[in-house]
Amino acid sequence: MLRENLIMLRSVNGYSQEEIAEKIGISRQAYAKWESGATIPDIEKCMKLAEVYGVTIDGLVKTEKVDGVRTLPPAPKGKNIWGSVTMNERGQLVIPKAAREHFAFGAGQRFIVVSDDNEGIALVPAEMFEEKIKMLSDIASDRTDDIIS
């Protein structure tokens with residue numbers, strides 16, 4: 001798992017083994033051994049690797065697969081990859097259990113569906129969305145009041 005992630009992260013970020021080795025203070029040969037699986041880094045080196053690649057240590061050592069086939073790169077800190085879902089014939093999706101638990105989503109909870117034509121769709125809890133809209137409305141109202149005064 002770790003070795004695959006190291007190879008993938010280095011490739012995705014466009015680094016050579018020598019560049020990564022230099023960034024974390026080791027030899028290129030030592031890094032190459034991590035990628036080959038011959039050795040593994042200690043926890044301090046894992047912390048440095050995670051920092052360089054912008055991922056968590058957990059993300060660095062775990063492997064996520066889509067449909068049990070393709071290995072995904074570790075997600076950046078604060079981002080998550082929950083797996084894939086398939087839309088049923090009625091147009092319904094089931095949010096993965098780990099995601100529901102992480103965000104404390106419950107039955108009957110309302111969501112606002114937002115999208116970007118180039119990026120896809122996202123679900124935002126309705127209460128959070130409505131709170132942000134109200135805040136923007138209040139700011140706009142305050143500015144209008146300042147202009148009128």
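These are legends for several close-up views of one predicted protein model.

Residues are numbered from 1 along each chain as its sequence is written. Of the 149 residues, 22% count as buried, where buried means under 20% relative accessible area, exposed over 50%, and partly exposed in between (1.4 Å probe, protein chains only). Take the contacts (heavy atoms within 4.5 Å) between residues at least 6 apart in sequence: 32% of them join residues at least 24 apart.

**View 1. The largest nonpolar core.** This core holds 15 residues, and Leu6, Tyr31, Trp34, Leu49, Tyr53 and Leu60 have the most contacts inside it. A nonpolar core here is a set of buried Ala, Val, Leu, Ile, Met, Phe, Trp, Tyr and Cys residues joined through side-chain atoms within 4.5 Å. In soluble globular proteins, nonpolar side chains tend to be buried together. Zoom in on Leu60 and, setting aside neighbours within four places in sequence, you'll find it in contact with Leu2, Asn5, Leu6, Leu9, Cys46, Leu49, Ala50, Tyr53 and Val55.

View 2. Gln17, Ile20, Ala21 and Ile24 are the buried residues to look for in helix 2. Seen down the helix axis, the buried residues fall within an arc of 100°, so they line one face; the arc is that of the directions from the axis to the C-beta atoms. They pack against helix 1, helix 3 and helix 4. Turned away from that buried side are the exposed residues Glu18 and Glu22.

**View 3. Ala21 up close.** Ala21 sits in helix 2 and is buried, with a relative accessible area of 1%. Not counting residues up to four places away in sequence, Ala21 touches Ile26, Ser27, Arg28 and Tyr31. Ala32 is 11 residues from Ala21 in sequence, and their C-alpha atoms are 8.9 Å apart.

**View 4. Helix 2 against helix 4.** The two helices pack at an angle of about 120°, with axes 10 Å apart. Axes are lines fitted to C-alpha atoms, for helices over the stretch in contact, and angles run from 0 to 180 degrees between N-to-C directions. From helix 2, Ile20, Lys23 and Ile24 meet Lys45, Lys48, Leu49, Val52 and Tyr53 of helix 4.

**View 5. Ile121 in strand 4.** Ile121 belongs to strand 4 (residues 120–125). Ile121 is exposed, with a relative accessible area of 62%. Beyond its neighbours within four places in sequence, Ile121 is in contact with Val113, Val114 and Ser115.

Notes
Predicted model: local features only at pLDDT ≥ 70, side-chain atom pairs only at ≥ 80, totals over all residues. Heavy atoms only, no water. Helix = DSSP H or I, 4+ residues; strand = E, 2+ residues; numbered from the N terminus.
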